[in-house]
Amino acid sequence: RAMASGSVDRAVLAARIQGFGNVNPPPLEDDTGSTIAKRAVSRLGDLVGEEVMLTVEDFREKGAVGAVKDAVADAGDILIDGVSGLIGWIRGDPAPEDDGEKAEEASKALANGPGGAAYGISQAS
């Protein structure tokens with residue numbers, strides 16, 4: 001009789017935990033071309049949605065004229081950077097590496113920071 005009770009308890013337990021991820025998880029999809037494409041389209045949709053949200057926020061904060069001015073200034077910066085990079089590439093100039101010095105300074109500052117501080121937050125704050 002103890003055996004029958006044990007199997008009933010297991011069946012009840014299995015029924016209770018079903019749906020909590022412990023029993024029969026769904027199979028993982030293989031990385032096929034279609035699943036990779038679905039993920040890429042999903043991420044692209046997320047990116048476009050976020051950019052639309054940020055654009056709407058810019059219009060609310062700066063108004064239409066301010067947002068357009070900022071967009072034109074950003075586009076001009078991108079164009080100037082691209083053209084100067086292209087001209088440098090044609091001339092054979094090495095790629096600029098000015099971020100290396102900034103990263104080195106930041107690493108030194110973090111290494112010499114106060115004990116217990118992380119990302120500018122100390123224990124006193």
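Let's start with Lys62, which is partly exposed at a relative accessible area of 40% (buried means under 20%, exposed over 50%, partly exposed in between, with a 1.4 Å probe and protein chains only). This is a predicted model, in which local features need pLDDT of at least 70, side-chain atom pairs count only at pLDDT 80 or more, and totals for chains, interfaces and linings use all residues. Residues are numbered from 1 along each chain as its sequence is written, and side-chain values use heavy atoms, with hydrogens and water left out.

**Salt bridges**

- By the rule used here (a side-chain nitrogen of Lys or Arg within 4 Å of a carboxyl oxygen of Asp or Glu), the count is three salt bridges.
- Lys62 pairs with Asp70 at 2.4 Å, N to O, and with Asp58 at 3.8 Å, N to O.
- Together, Asp58, Lys62 and Asp70 are linked in a network of salt bridges.
- Asp58 and Lys62 both sit in helix 2, four residues apart, which is about one turn of the helix.
- Elsewhere, Asp93 and Arg91 form a salt bridge at 3.0 Å, N to O.
- In that pair, Arg91 is exposed at 62% relative accessible area, whereas Asp93 is partly exposed at 38%.

**Fold and confidence**

- The protein has three helices and zero strands, in the order α-α-α along the sequence (helices are DSSP runs of H or I with at least four residues, strands runs of E with at least two, numbered from the N terminus).
- Mean pLDDT (the predictor's confidence in each residue, from 0 to 100) is 77, and 70% of the residues reach 70 or more.
- Helix 2 (residues 33-91) has the highest confidence, at a mean of 90, while helix 1 (residues 2-17) has the lowest, at 67.

**Surface**

- Of the 125 residues, 3% count as buried.
- The protein exposes about 11300 Å², of which carbon and sulfur atoms supply 61% (Shrake-Rupley areas with a 1.4 Å probe; for residues, only the protein chains shown count as cover).
- Leu44, Leu47, Val48, Val52 and Val56 make up a nonpolar surface patch with about 430 Å² of accessible area together.
- Patches here are made of residues with over 30% relative accessible area and no salt bridge, joining like charges within 9 Å and nonpolar side chains (Val, Leu, Ile, Met, Phe, Trp, Tyr) within 5 Å.
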